[in-house]
Amino acid sequence: MKFKDILPKYDADANGSYKYEEVESAINSLKGLTNEQRAALWQLQTGGKNNPYSSSVGSKIKTELAGQKEKASSSSSGSSNGSGLMGYIAGQNEPTKKKTNATVPQKTQSTGLMGFINAQK
């Protein structure tokens, strides 16, 4: 199930906007996520204020998103293909995998925010 699909189930007052407690409950309902992945979801949904999962990961993701936004605005196409964590959360695609020579404790590394989160482990 996609995060955007379960979030409305946690909208306790049914007003269409989500309080921090509602977002946290929705994130906590997702099984099998690391705290880093939960921090990423929090960051993307709330803007990262008072991240209960990892303030340092939230800050790093905020910086990464700002860099991607700047890169997209300076590119000629300026379009997003929904890759990385944001695309995965939105249900547009699975995270892209590629081989890398970087010193990472795994044989493959995801691109975009998923790669960033996996590198934090």
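A nonpolar core is a set of buried Ala, Val, Leu, Ile, Met, Phe, Trp, Tyr and Cys residues joined through side-chain atoms within 4.5 Å. In this predicted model, the largest such core has 14 residues. Within this core, F3 and I27 touch the most other members. Helices α1, α2, α3 and α4 each give two or more residues to the core. The greatest share comes from α3, with four residues. In soluble globular proteins, nonpolar side chains tend to be buried together.

The mean pLDDT is 74, and 62% of the residues score at least 70. Helix α2 (residues 20–29) has the highest confidence, at 94. Strand β1 (residues 97–99) has the lowest, at a mean of 44. Over residues 91–109, pLDDT stays under 50. For that stretch the model has 27 contacts beyond four places in sequence.

Helix α2 buries E22, V23, A26 and I27. Viewed down the axis of α2, these buried residues fall within an arc of 135°, so they line one face of the helix. An α-helix has 3.6 residues a turn, so residues three or four places apart point the same way. The cover over the buried residues of α2 includes α1 (3–6) and α3 (35–46).

Helix α4 spans residues 55–74, 20 residues in all. From its first C-alpha to its last, α4 reaches 29 Å, close to the 28 Å expected at 1.5 Å a residue. The buried residues in α4 are V57, G58 and I61. Down the axis of α4, its buried residues fall within an arc of 95°, so they line one face of the helix. S55, K62, T63, E70, K71, S73 and S74 are exposed on the other side of α4.

Two aromatic pairs were counted. Y20 and W42 form a tilted pair, 5.5 Å centre to centre with 40° between the planes. This pair links distant parts of the chain: Y20 lies in helix α2 and W42 in helix α3, 22 residues apart. Y20 is partly exposed because its relative accessibility is 34%. W42, at 2% relative accessibility, is therefore buried. W42 also pairs with Y53; the ring centres are 6.3 Å apart and the planes at 65°, so the pair is edge-to-face. Y53 sits in the loop between α3 and α4, eleven residues from W42. Both W42 and Y53 are buried.

How values were computed. Residues are numbered from 1 along each chain as its sequence is written. This is a predicted model: local features need pLDDT of at least 70, side-chain atom pairs count only at pLDDT 80 or more; totals for chains, interfaces and linings use all residues. Side-chain values use heavy atoms; hydrogens and water are left out. pLDDT is the predictor's confidence in each residue, from 0 to 100. Contact means heavy atoms within 4.5 Å. The expected span of a helix is 1.5 Å times one less than its number of residues. Buried means under 20% relative accessible area, exposed over 50%, partly exposed in between (1.4 Å probe, protein chains only). The arc is that of the directions from the helix axis to the C-beta atoms. Rings of Phe, Tyr and Trp (its six-membered ring) pair if their centres lie within 6.5 Å; planes under 30 degrees apart count as stacked, over 60 as edge-to-face and the rest as tilted.
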